[in-house]
Amino acid sequence: MKAPTFSSESRSSTFLKVKGQSFSLLCQAQAFPVPLFRWYKFLDGSSRKQAVVMDERVKQVSGTLIIREARVEDSGKYLCVVNNSVGGESVETVLTVTAPLAAGVEPTTQTVDFGRPAIFKCNYEGNPVKTVSWLKDGKALPGHEEPVLKIESVRKEDKGMYQCFVRNEQESAQASAELKLGGRFEPPQIRHSFNEETMQPGPSVFLKCVASGNPTPEITWELDARKLSNSDRLQVGQYVTMNGDVVSHLNISSVQTNDGGLYKCIASSKVGSAEHAARLNVYGLPFVRPIDKKMIVAGETLFVTCPVAGYPIESIVWERDGRLLPINRKQKVFPNGTLIIENVERMSDQATYTCVAKNSQGFSSRGTLEVQVLVRPHITPFSFEGDANSGEGAQLTCYVGKGDTPLLISWSVGDLELTSSSAGVIMTKIGERTSLLTLTNVTAASAGNYTCTAVNRGGTANHTAMLSVNVMPYITPFFQEEAATNGDSIQLNCHVAKGDRPLKITWSFHGEELSSHLGISTAKFSERSSILTIASAMAAHTGNYTCSASNQAGTASFTATVLVNVRPTINPFYLESQTFAGETIQLNCFVARGDSPLLIGWNVNGQSLSISGSGVSVTQVGPRTSLLTIGSVMDRHSGNYTCYAENKAGRAEHSVTLLGLLSHYRVAERLAPGVIPLTPRLPLILQKFRFSFGDEPLEADSSAVRQCGISRDRAHQSSAGGLTDFLGPKLQR
């Protein structure tokens, strides 16, 4: 007996096949007894697997999986599992079904107003697809590697031609689409601005900005990135000229040293913005204005300029924990007081930073900046577990593994936001980071893209899973758990887990439709289940049983292999009616039926036969016959001789009895239960003369008288005598 094994080169295989081609995937295992083969396919992107669905196009013959007219969806990783009564083994096969690449973009042209979103979808066919990329006006768009390209808010620079490229190692395909801007809009432009100025404290300052655009922009003012508003010494005003330009003034009366800094005017509208900045230097001692707390998202770059007033300033530096920056390669400090930290991380960059401004006389001023690093949400990818069918349920779990709390988690399908009042939808919040979406009753209208969106202070993340609703039947894979033994009952349950009703379920055996055949019966357990029952298994029941389910959409089938093991059967053998001392006895034990391999052996009086010095020999003749030979029979050879045969299905025995006194043998046959057979020590020659006590059983404690003829020279002599002379007046227990 041998457990299944594979050669080293067969343990992993990779095949590249062309769409429409027919081929076979081999599972060449060496094993004894003959093993059971099962094929599985791994679900995309996971370690989960499901049994390969057999139908008219995909069939299994022994361990070989035959695929006709291959489709792209046949691609994937397959697992062949081989088992027998000794053990099991498996082998993986990776199949790629290739098809020419083709691409198209929808819509091919779209006109979008400024500030509105725009979406392009790249539809492609073919296999394999290694990469998807987007270009705008012939230049690559980094970070866009998905089939859907979304522009959240269209700006002037977004108009142009967009191209989608799909590629693999052999070829590529591309398609293009155009984005046009709607309406007669014009982003803001700064037409007049102010210059850098240096002055003594005391006088008043007038700064002016003029901007144009359609729609008319609004102008705001900032000092060192902080928005300015009217106060006692500061006035902001603006008006629109006859030609539509916007004129804005910033007036500062009685300028002081602390009024110095970087002034900026910003013209903005819904279609864009424009800005201009210049410094106002006011003589005086260094002064660092209070710096607002900076919140930045992890992975982004921090830009901050120290808000310094006073003039002249000799140096502006940044410190952290008393150490002068930069202290690593991510940090950069510029003479104008600008600090840049690239790829900000919470663990290394969230801290308090100090800006120090000094003049040539050694006077200085300090300001502190608190930097808080925000972590935007990250959603663990999820997907539906295969296609759904009408009437079934479906569920998605959206888990936000990373990101600051509090989190706002929501669901949508397509462009429709889902709420607790949406029909057939249950949304359950589990803790702060998990939301469970349950579709209680899937219908064809339920198909679509389901998106989970998570929002926190750091940003937004979303993940989408597509739900496909099939109406064709799907049969849950079923198998014979283990080989049956002759006489056992076998049951196969065919359950149609998916598929629209009404359903028709039928069974076939080796391709022949059956309802009652060779003791096989089928019964419809429910609208989706049918049970095949074999009441008493026999060798003829071994084979392939196929359950087929059909409805208006199509037919699905699944085939299970049934194995029936047969117990041994020994042909009866007997002793000759007369045996003389010194003669040869031979017993022929032949196993007429039963699965190989067989183990054949002998017992004497319930104990293993000891051949050494016994005058008894055992000879194995082929796989099914064993001969026991007594070369010279003697009184000590008396006893019960049993031949037994074993296989994995069971055991069979056959026994004969060799006794020194034949008459005792006959009496012992008919004693009532509990009677102990007598073992008189009479010469073995008595065995040659038979006599009978009749056909009626003898009772214990009763007498019996019969004649026995005894001869030493083989000439028969008779003498009338009573057996009671030997046994006594009554039979002894």
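Biologist: In which order do the four strands of the open sheet stand?

Modeller: As a general idea, the strands of a sheet pair through backbone hydrogen bonds, either parallel or antiparallel. Here the order is S37-S39-S43-S42, and the pairing is antiparallel. Strand S37 (378-379) and strand S42 (425-430) stand at the edges, and each has a single partner strand, so one side of each is left without a neighbour in the sheet.

Biologist: How many bridges hold S42 and strand S43 together?

Modeller: There are six bridges between S42 and S43, which covers residues 434-439, and the two strands pair in the antiparallel sense.

Biologist: Which residues stand opposite Ile-340?

Modeller: Strand S29 (residues 302-305) runs antiparallel to S34 and is joined to S34 by four bridges, with Phe-303 as the bridge partner of Ile-340. S33 also pairs with S34 in the antiparallel sense, over three bridges, and there Lys-332 stands opposite Ile-340. The hairpin of S33 and S34 has four residues between the strands, and in this hairpin Gly-337 takes a positive phi near 95°.

Biologist: Which residues other than glycine have a positive phi?

Modeller: Glu-69 is one of the exceptions, with a positive phi of about 50°, and Glu-69 lies in the loop between strand S8 (64-67) and strand S9 (76-83). Its relative accessible area is 48%, which makes Glu-69 partly exposed. Ala-225 has a positive phi near 70° and is found in the loop between strand S21 (218-223) and strand S22 (226-227). With 65% relative accessibility, Ala-225 counts as exposed.

Biologist: Where are cis peptide bonds found?

Modeller: One of them runs from Leu-325 to Pro-326, with omega near 5°, and Pro-326 lies in the loop between strand S32 (323-324) and strand S33 (331-333). Another joins Ser-596 and Pro-597, where omega is about 0°, and the place of Pro-597 is in the loop between strand S59 (585-593) and strand S60 (599-604).

Biologist: What forms the nonpolar patch on the surface?

Modeller: The patch is formed by Met-1, Phe-32 and Val-86, which together have about 300 Å² of accessible area. Of these, Phe-32 is found in strand S4 (residues 30-32) and is partly exposed, with a relative accessible area of 38%.

Biologist: Where does pLDDT stay under 50?

Modeller: Where pLDDT is low, the predicted coordinates should not be read in detail. The protein averages a pLDDT of 84, and 88% of the residues score at least 70. Over residues 661-692, however, pLDDT stays under 50, and the model has 59 contacts beyond four places in sequence for this stretch. The pLDDT is also below 50 over residues 698-733, a stretch with 57 contacts in the model beyond near neighbours in sequence.

Methods: Residues are numbered from 1 along each chain as its sequence is written. This is a predicted model: local features need pLDDT of at least 70, side-chain atom pairs count only at pLDDT 80 or more; totals for chains, interfaces and linings use all residues. Side-chain values use heavy atoms; hydrogens and water are left out. pLDDT is the predictor's confidence in each residue, from 0 to 100. Contact means heavy atoms within 4.5 Å. Buried means under 20% relative accessible area, exposed over 50%, partly exposed in between (1.4 Å probe, protein chains only). Two strands pair if DSSP finds at least two bridges between them. Patches are made of residues with over 30% relative accessible area and no salt bridge: like charges are joined within 9 Å, nonpolar side chains (Val, Leu, Ile, Met, Phe, Trp, Tyr) within 5 Å. Accessible areas come from the Shrake-Rupley method with a 1.4 Å probe; for residues, only the protein chains shown count as cover. A salt bridge is a side-chain nitrogen of Lys or Arg within 4 Å of a carboxyl oxygen of Asp or Glu.
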